[in-house]
Amino acid sequence: MSRREYIEFLTARGYQPVNKNQVKLGMATFDIHEGDKNTAMGIQHSFWLTAANSNVKTTHAVCPRCGHVMVKSDLEEYQHLCENCDENFYGIEVKQYI
């Protein structure tokens with residue numbers, strides 16, 4: 001997936017591009033990061049978001065209710081949090097993307 005395709009993916013889920021390195025969702029601004037990650041399927045090139053001026057990290061999961069990209073949940077028993085729905089999800093409940 002290219003950076004342009006990733007921004008199109010986010011735009012389809014309600015994010016608005018600010019520039020090639022940032023997107024907005026409502027009043028929140030997110031920085032776009034790119035790099036290689038070591039996954040169960042080997043090292044893969046991927047993208048992720050962090051809230052601007054924050055250490056909140058998005059996951060590679062899409063909310064099953066609204067389709068927004070989710071962040072890591074701060075609750076120990078859940079893996080994902082959809083900030084749009086304000087709902088926590090287990091890993092098996094969500095669709096992963098790369």
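Is Tyr 15 buried or exposed? At 3% relative accessibility, Tyr 15 counts as buried, a term for residues under 20% relative accessible area, with exposed meaning over 50% and partly exposed in between, for a 1.4 Å probe and protein chains only.

Before I go on, please note that this is a predicted model, in which local features need pLDDT of at least 70, side-chain atom pairs count only at pLDDT 80 or more, and totals for chains, interfaces and linings use all residues. Residues are numbered from 1 along each chain as its sequence is written, and side-chain values use heavy atoms, with hydrogens and water left out.

My topic is the aromatic rings. A search of the whole structure finds three aromatic pairs. Rings of Phe, Tyr and Trp (its six-membered ring) pair if their centres lie within 6.5 Å; planes under 30 degrees apart are stacked, over 60 edge-to-face, and the rest tilted.

One of the pairs joins Tyr 6 and Phe 9, which are stacked at 6.4 Å centre to centre with 15° between the planes. Both belong to helix H1 (residues 3–11), three residues apart, so about one helical turn separates them. Helices are DSSP runs of H or I with at least four residues, strands runs of E with at least two, numbered from the N terminus. Tyr 6 is buried, at 1% relative accessible area, and Phe 9 is buried at 15%.

Let me return to Tyr 15. Tyr 15 pairs edge-to-face with Phe 30, at 5.9 Å centre to centre and 70° between the planes. Tyr 15 lies in the loop between H1 and strand S1 (16–19) and Phe 30 in strand S3 (residues 28–39), so this pair ties together parts 15 residues apart in sequence. Phe 30 is buried, with a relative accessible area of 5%.

Finally, Tyr 6, Phe 9 and Phe 47 form one aromatic cluster.
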